[in-house]
Amino acid sequence: MAKWIDRGLSFLLILGGVGHTFGVMSFYKDPHTLFWALTDSVLLFLLAAINLLRSWQPNNKPLAIVTACASSANLVITLRFGELIGNMADFRVILFAVLSLGLTGFSLRDAMRRSASKR
């Protein structure tokens, strides 16, 4: 059951990345600002992809460590965005914080799991 929740969080992150992409494309008109806003969409898609990969390779500790670091970094970015807009209760902040926190938790679980050969 937990692996499906783990994968579901990654799929929700992909959907969030799609929403983010369309949102910034309709909001920002300045090409420089749009470019930098779209880099977060790339981060979201890559983060979701490596977390999906990790969910299919639960004994891959290096991958789990990378996803834990990346997911926690995305959590910090999300919380900082909430501070910048002055609304930590914004739906976007809550959504991406919950997804990032969940993926960080699953990544840490996989990183700390003992390998099958060491049991």
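## Salt bridges

The side chains of Arg92 and Asp90 meet in a salt bridge, with an N to O distance of 2.8 Å; a salt bridge here requires a side-chain nitrogen of Lys or Arg within 4 Å of a carboxyl oxygen of Asp or Glu. The model is a predicted one, in which local features need pLDDT of at least 70 and side-chain atom pairs count only at pLDDT 80 or more, whereas totals for chains, interfaces and linings use all residues. Residues are numbered from 1 along each chain as its sequence is written, and side-chain values use heavy atoms, with hydrogens and water left out.

The two partners of this pair fall into separate accessibility classes: Arg92 is partly exposed, with a relative accessible area of 43%, while Asp90 counts as buried at 14%. The classes are set with a 1.4 Å probe on protein chains only, buried being under 20% relative accessible area, exposed over 50%, and partly exposed in between.

In one of them, Arg54 is paired with Asp110, and the closest N and O atoms are 2.8 Å apart. This pair links distant parts of the chain, since Arg54 belongs to helix 2 (residues 31-56) and Asp110 to helix 4 (residues 91-112), 56 residues apart.

Through shared partners, salt bridges join Asp6, Arg54, Arg109, Asp110 and Arg113 into one network.

## Overall architecture

Taken along the principal axes, its C-alpha atoms fill a box of roughly 55 × 25 × 25 Å.

Of the 119 residues in the chain, 33% are buried. Among contacts between residues at least 6 apart in sequence, 66% join residues at least 24 apart, a contact meaning heavy atoms within 4.5 Å.

## How helix 1 packs

The axes of helix 1 (residues 2-27) and helix 4 come within 10 Å and cross at roughly 140 degrees. Such axes are lines fitted to C-alpha atoms, for helices over the stretch in contact, and the angles run from 0 to 180 degrees between N-to-C directions. Helix 1 and helix 4 are therefore oblique to each other, because angles under 35 degrees count as roughly parallel, over 145 as roughly antiparallel, 65 to 115 as roughly perpendicular, and the rest as oblique. Their crossing is left-handed, a term for a near helix turned anticlockwise from the far one by less than a right angle, clockwise being right-handed. On the helix 1 side the contact includes Asp6, Leu9 and Leu13, and on the helix 4 side it includes Phe96, Leu103, Phe106 and Arg109. The residues of this contact divide into nine nonpolar, four polar and two charged, where Ala, Val, Leu, Ile, Met, Phe, Trp, Tyr, Cys and Pro count as nonpolar, Asp, Glu, Lys and Arg as charged, and the others, Gly among them, as polar.

With helix 2, the axis of helix 1 comes within 9 Å and the two cross at roughly 165 degrees, which makes helix 1 roughly antiparallel to helix 2. The crossing of helix 1 and helix 2 is left-handed, and by class their contact has 15 nonpolar, eight polar and four charged residues.

Asn74 lies in helix 3 (residues 61-85) and is buried, with a relative accessible area of 2%. Not counting residues up to four places away in sequence, Asn74 touches Asp40, Leu43, Leu44, Leu47 and Ser100.

Ser71 is likewise found in helix 3 and counts as buried, at 0% relative accessibility. Leaving aside neighbours within four places in sequence, Ser71 is in contact with Leu47, Asn51, Ser100, Leu103, Thr104 and Ser107. Ser71 and Ala48, which are 23 residues apart in sequence, have C-alpha atoms 9.1 Å apart in space.

Technical notes: Helix = DSSP H or I, 4+ residues; strand = E, 2+ residues; numbered from the N terminus.
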